[in-house]
Amino acid sequence: KGGPADPGARLRFSPVAPNSEDAVKVAAGYESSIVVRWGDPVVPGAPAFSFDGQTAAAQERQFGYNNDYVMFMPLTRDRALLWVNHEYTNEELMFRGYKGGDTATEEQIKIALAAHGGSIVEIERIGGSGGWRLVTKGRRRYNRRITAHTEMRFTGPAAGHELLRTAADPAGHHVRGMLNNCSGGVTPWNTILTGEENFNQYFVGGNGVPEADKPALARYGVSTTAAIPSGSRRWDRVEERFDLARHPHEANRFGWVVEIDPYDPDFVPRKRTHLGRFKHEAANSTLSRDGRAVIYLGDDERFDYIYKFVSAGRYKKGSHRHNLTLLDDGTLYVGRFTGDSPPSEIDGTGKPPSDGAFDGSGEWIPLVSGDRSFVPGFTAAEVLIHTRLAADKVGATKMDRPEDIERNPVNGAIYVALSNNVNRTPAQADEANPRANNKHGQVLEIVERHDDAASTSFSWSLPLVCGDPEDPSTFFAGFDKSRVSPISSPDNLAFDSDGNLWISSDSARALNANDGLYAMPLAGRERGHLRAFLTVPIGGETCGPLITKDQKTVFVAVQHPGEVTGASPDNPVSRWPDGDQARPSVVSVWHGRGKDIGA
Ligand code: FEO
Ligand code: CA
Ligand code: CA
Ligand code: CA
């Protein structure tokens with residue numbers, strides 16, 4: 001279906017060997033440069049970064065911590081906007097002598113609140129190359145920081161519901177800030193969708209909520225037994241809304257997909273309730289055959305689900321105001337995956353069944369359409385606010401941590417990164433999640449019926465079962481395993497213009513090596529020939545990744561460099577990128593002689 005017959009033929013780079021270096025290592029012939037670092041000025045006039053002189057007032061105007069999702073939007077040939085998520089904070093690496101939230105200074109807590117959210121920055125091309133850098137002078141009219149304090153609106157069927165109302169927002173329509181924004185996507189109408197993921201970690205007082213509220217909070221990982229869960233940042237010490245004993249609905253106001261128009265600096269971000277509430281990894285868009293918006297959604301938790309949203313209305317090119325209403329009416333579905341091999345042949349070891357493939361069929365089970373619920377015992381708004389509990393009722397398939405889900409623009413199939421799940425037992429293995437104690441994850445391919453993203457049924461298979469290729473449970477689409485790179489814990493996905501799959505990893509050193517960015521052809525003679533294109537500094541996770549449409553640049557966000565047990569500012573494991581305290585940073589990578597990425 002479309003694309004070159006042998007799309008891997010253009011991937012000629014030599015793989016980067018597994019390593020533990022405190023550096024970004026790129027394939028031979030490629031160059032890299034830092035685009036923007038934690039603390040760099042975003043809002044014009046913001047102060048320069050000072051590790052030992054951090055203030056909340058400065059951080060509110062500087063690039064936040066733990067860059068994750070990256071979106072590149074060209075303005076001219078040599079100018080562009082970069083949107084970047086700031087997922088979370090590593091206080092133990094940010095502040096000297098940090099001993100936890102109980103003893104943190106109030107200023108440190110306020111800095112952390114300001115370091116969450118997202119950034120929009122203008123960037124410029126370096127010379128005529130594929131490298132990019134932050135614009136540091138001039139007007140920069142789009143530059144903006146979004147933080148845990150930015151005023152946002154709820155839209156869609158759950159907006160205004162009683163479960164979203166608090167003392168600060170008695171109507172349930174307005175919320176301050178977004179939290180733990182992991183990955184995201186761009187819509188056909190050029191807005192950003194960004195997913196609030198592990199929001200549960202910011203709340204205390206879950207033991208003090210009404211008994212009736214506890215099961216739902218617990219299903220989302222909020223402690224309902226401890227007054228102060230261990231490791232708490234204690235944000236309640238500066239903002240009492242983070243104490244659920246006082247404000248039991250505040251946690252319901254996080255865990256959403258947020259839509260932001262990067263071209264409108266005054267845009268009030270919208271939490272789109274019709275996309276459901278869970279630990280949203282990302283929100284990638286495509287269009288159905290009849291022009292409706294389809295958003296693929298993963299809930300990144302062990303044994304949680306894959307969802308999709310199909311809009312009721314159609315995308316209209318050039319009608320921005322209309323397109324901004326599309327995510328407020330449609331149908332939210334959850335995925336059920338059925339294997340085509342006898343369940344007795346799936347023993348949890350990863351040994352392929354007798355038909356030689358982990359594959360099968362599946363269906364999208366409707367949960368809610370507008371104000372109509374399909375889940376007995378749940379109103380439409382309850383399905384959207386307590387989506388996990390609703391999906392539990394309908395026979396959805398419990399997956400191995402669904403991370404990024406993205407449609408391949410060349411072959412039209414949908415790819416899902418299933419990161420890992422060490423809690424799965426042999427009895428819980430199924431054909432789509434075939435390994436018990438799954439440390440390294442797999443990639444799932446979905447082919448929608450009639451290649452239409454709005455279909456309610458599909459076929460699926462696993463082209464990649466990750467790990468050390470010497471591990472017999474791994475599978476690289478049938479390619480010669482002596483020639484592939486080891487890979488663990490796929491997280492974010494991207495495609496080049498030939499439809500080759502690019503995979504970034506977040507393995508916490510599960511293979512005793514740094515994480516990286518890998519390329520794997522999905523068709524032709526090179527199908528399954530997975531190779532490491534770059535690796536990131538020790539303790540870091542590879543986020544982003546984004547290949548520009550001209551194929552000349554790949555952006556990766558290096559998240560939490562130096563996040564290794566026991567590391568601290570006085571005992572740093574990483575000093576990347578400046579030889580000083582580690583700073584999460586976005587990197588651009590390009591070929592030194594101007595070849596396409598992967599050549
Ligand atoms: Fe924040 Fe699912 O990775
Ligand atoms: Ca099979
Ligand atoms: Ca992620
Ligand atoms: Ca991850």
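Residues are numbered from 1 along each chain as its sequence is written, and chains are lettered from A and ligands numbered from 1 in the order in which they are written. In this predicted model local features need pLDDT of at least 70 and side-chain atom pairs count only at pLDDT 80 or more, while totals for chains, interfaces and linings use all residues.

Q: What distance separates the centres of domain 1 and domain 2?
A: Domain bounds here come from an automatic or database domain assignment. Domain 1 comprises 7-197 + 255-591, and domain 2 comprises 198-254. Taken over C-alpha atoms, the separation of the two centres is 25 Å.

Q: Which helix gives the most to the side of domain 1 that touches domain 2?
A: Two residues are in contact if their C-beta atoms, placed from the backbone, lie within 7 Å, and 27 residues of domain 1 are in contact with 19 residues of domain 2. Helices (H or I, at least four residues) and strands (E, at least two) are DSSP runs, numbered from the N terminus. On the domain 1 side, H3 and helix H7 (387-392) each supply at least two residues. With 5 residues, the helix that gives the most is H3.

Q: How many residues of helix H3 are buried?
A: A residue is buried if 20 or more other C-beta atoms, placed from the backbone, lie within 10 Å of its own, exposed if 12 or fewer, and partly exposed in between. Helix H3 spans residues 106-115 and is largely enclosed by the rest of the structure; its buried residues include Gln-108, Ile-109 and Lys-110. These buried residues pack against helix H1 (56-59), strand E4 (79-86) and helix H2 (91-94). Of the 10 residues of H3, the number buried is 8.

Q: Which strands are the edge strands of the open sheet of 6 strands?
A: Two strands pair if DSSP finds at least two bridges between them. The order in this sheet is E9-E8-E13-E12-E11-E10, with mixed pairing. The strands that pair on one side only are E9 (174-176) and E10 (181-186).

Q: Which residue in E9 stands opposite Met-152?
A: Strand E8 (residues 151-155) and E9 are joined in the antiparallel sense over 3 bridges. Opposite Met-152, the residue in E9 is Val-175.

Q: Why is one side of strand E1 and of strand E27 left without a neighbour in the sheet?
A: The open sheet of 5 strands has the order E1-E30-E29-E28-E27, with antiparallel pairing. Strand E1 (25-26) and strand E27 (490-495) stand at its edges, so one side of each lacks a neighbour because each has a single partner strand.

Q: Which residue in E19 is the bridge partner of Val-334?
A: Strand E18 (residues 330-339) is mostly covered, with 8 of its 10 residues buried. It is joined to strand E17 (residues 306-314) by 5 antiparallel bridges, and E18 pairs with strand E19 (residues 359-369) in the antiparallel sense over 9 bridges. In E19, the partner of Val-334 is Ile-365.

Q: Is Phe-303 buried or partly exposed?
A: Phe-303 lies in strand E16 (residues 302-304), and its C-alpha atom is separated by 21 Å from that of Asp-340, 37 residues apart along the chain. Because Phe-303 has 15 C-beta neighbours inside 10 Å, it counts as partly exposed.
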